Amino acid sequence: MSIDTAAGLAAQARQQQLTKPPGSLGRLETLAVWLADRLGQPVPPRLKPAIAVFAADHGVAAEGVSAFPPEVTGQMVANFVAGGAAISVLAAEHGAALTVVDVGVAHPIPDVPQRRAQLISRPVRAGTRNLLYEPALRPEECDAAWQIGAAVATRLAEDGHTLLIGGEMGIANTTAAAALVCAYTGAVPEEIVGRGTGVDEGAYGRKIAVVNAALARVRAGGDPGPRGWLAEVGGLEIAALAGFYSAAAAAGVPVLLDGFISTAAALAAMRSAPQVGRWLLAGHVSAETGHRRALAALGLVPLLDLELRLGEASGAAVALPLLQAALALHRGMATFAEAGVAAGAVP
């Protein structure tokens, strides 16, 4: 992890003075220094995290590539807001603000009388078009979703949050994410496409065929570029996440990435603006087939490998306490001088 600021160098020096053998806390040490470097503080306080989950539907769901029907997207949005989803529980557990953003849910979202999270309704359109046959989004629709995500990140940064986590919800979005990862890395679908929500063999085969055909459709017209690929085979929630990550980087706020779809969005953001990569941490590697390849393309090593594949930002939220622990140790441990311990005497 690169160090670019005086704060980072000071944090690195402090780590050498704490009452422990150098390097004995492993990646917790490098995490503390990385965060100090990005936050511009040699000894940062406890992180103030915020989570934004972007939701939208996908026209490619009509090809039978998901184990669940599209109606589930809107139903899960209501569950997020009501506090019943995994990310709702984890956000509350870790004191993280939770915002849910509808950028293109195709079916009605059930009413939630008692809301536990903020719901922002900014649908660009009612889901994407079917990427198998045509561009999922027009360029202006892709840009609109990107700007919605960027606006959310900017607002959260202005509110004083010092760590941002993005999540997603959208039936069939692993198909779109797989197509994007293939486009950005040059991998073939057989290396990237996974089982998403747990599809059977028939649906898995259809999913690979759909991604192959969609890539061939786009490539027949030449390389459309990073934002072009996002419009051709991406999704509204994926574009919003890419904008979210880009704006977080522009605001100087670190990002903790979630799973496969979130990482595909981060690839879109970094391909559009390479400096975004400096602000990214990988919370975990999921059980989805192509996630390791996507993380490698970003140059990131995940913090956890728990075989998660839920999405929603849940994996990143599970990793969040590691960051808090790294900073707590960095902040709270005594130096050799403070403890009256001779440097090098700790076994």
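Tutor: Strands here are DSSP runs of E with at least two residues, and helices are runs of H or I with at least four residues, both numbered from the N terminus. Two strands pair if DSSP finds at least two bridges between them. The model is a predicted one, in which local features need pLDDT of at least 70 and side-chain atom pairs count only at pLDDT 80 or more, while totals for chains, interfaces and linings use all residues. Residues are numbered from 1 along each chain as its sequence is written, and side-chain values use heavy atoms, with hydrogens and water left out.

Six strands form an open sheet with parallel pairing, in the order β3-β2-β1-β4-β5-β6. At its edges lie β3 (118–121) and β6 (280–282), each of which pairs on one side only. On average, neighbouring strands of the sheet are turned by 25 degrees against each other, direction ignored; the axes are lines fitted to C-alpha atoms, and angles run from 0 to 180 degrees between N-to-C directions.

Within the sheet, β1 (residues 49–56) pairs with β2 (residues 97–104) in the parallel sense over seven bridges. Val53 stands opposite Val100 in β2.

As for the cysteines, the whole structure contains zero disulfides, a disulfide being a pair of cysteine sulfur atoms within 2.5 Å. The sulfur of Cys142 has its closest cysteine sulfur in Cys182, 18 Å away, which is too far for a bond. Cys142 is buried at 1% relative accessibility, and Cys182 is buried at 0%. Buried means under 20% relative accessible area, exposed over 50%, and partly exposed in between (1.4 Å probe, protein chains only).
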